[in-house]
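Please work through each task before reading its solution.

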Amino acid sequence: YLYIISDDGGNNSLQIADLSYLPDSAFVVYDSTDIFVHSHTLFIDGDKLYVGIVTTTTDVSSMNVYSLSNPVHPTLLRRLDQDYPSIGSVHDMYVIHDTVYASCGYDGLYIFRYDTLANQFVLLGSLQDGFKNYNHSSFISPDHPLIYLT
C-alpha cells in the first residue's frame, strides 16, 4: 500500500493506494478526511503508521501513531501530545522498532519509544539545550551508534 499525504493549503485528505496490481495499475482504496485532513510527514514501522504535524477537522497534534492491522483503515492508537503536550510539532521522524527519533525543528531532537502495552509514548532522551539550528530530519546509522541531524 502507498500512503499519500500533503500539508499544503489546498484540498487535502489521507489517500491510500493498493499497489498490488503494479505494473498494470494502482487503485485508490481510501480517500477521506475522517482520519485527518493533512499532515507533514509519515513513517511506517512494522504495522504502525507514525504521522507528524497532524491536522484533523477539529485540531492539530504534534505526532500520532496509527495501527495498520487493517492497512486500508488505519486506527488512531495515541497522540504524542497526550503524553507530552509541550512538544510543539514533529517535523520529521525516523522510527525503528517503535523508537522514534523525532526532529522537532528549533526544539531539537527527542527520542521516544511507543510502548504498545501501555499505549503511551515514553521519553528516552533529548538534545535541546543550546540547539541553535533547525532540526529538519534525522537518520540512524546502520549499526545505531550515530544519529545524523540535518
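Two strands count as paired if DSSP finds at least two bridges between them. The model is predicted.

**Exercise 1.** Determine how E5 is joined to strand E6 (residues 60-67).

*Solution.* Step 1: seven bridges join E5 to E6, and the two strands run antiparallel. Step 2: within this pairing, Val-54 stands opposite Ser-61 in E6.

**Exercise 2.** Describe the pairing of E5 with strand E4 (residues 38-45), and state whether strand E5 (residues 48-55) is enclosed or open.

*Solution.* Step 1: E4 and E5 pair in the antiparallel sense over seven bridges. Step 2: Thr-41 has Gly-52 in E5 as its bridge partner. Step 3: the hairpin of E4 and E5 has two residues between the strands, and Gly-46 in the turn has a positive phi of about 65°. Step 4: buried means under 20% relative accessible area. Seven of the eight residues of E5 are buried, so this strand is largely enclosed by the rest of the structure.

**Exercise 3.** Give the strand order of the open sheet of three strands, and identify its edge strands.

*Solution.* Step 1: the order is E1-E2-E3, with antiparallel pairing. Step 2: E1 and strand E3 (27-32) are the edge strands, as each pairs on one side only. Step 3: on average, neighbouring strands of this sheet are turned by 20° against each other, direction ignored. Step 4: strand E2 (residues 14-18) pairs with E3 in the antiparallel sense over five bridges, and Ile-16 stands opposite Tyr-30 in E3.

Key
Residues are numbered from 1 along each chain as its sequence is written. This is a predicted model: local features need pLDDT of at least 70, side-chain atom pairs count only at pLDDT 80 or more; totals for chains, interfaces and linings use all residues. Side-chain values use heavy atoms; hydrogens and water are left out. Helices (H or I, at least four residues) and strands (E, at least two) are DSSP runs, numbered from the N terminus. Axes are lines fitted to C-alpha atoms, for helices over the stretch in contact, and angles run from 0 to 180 degrees between N-to-C directions. Buried means under 20% relative accessible area, exposed over 50%, partly exposed in between (1.4 Å probe, protein chains only).
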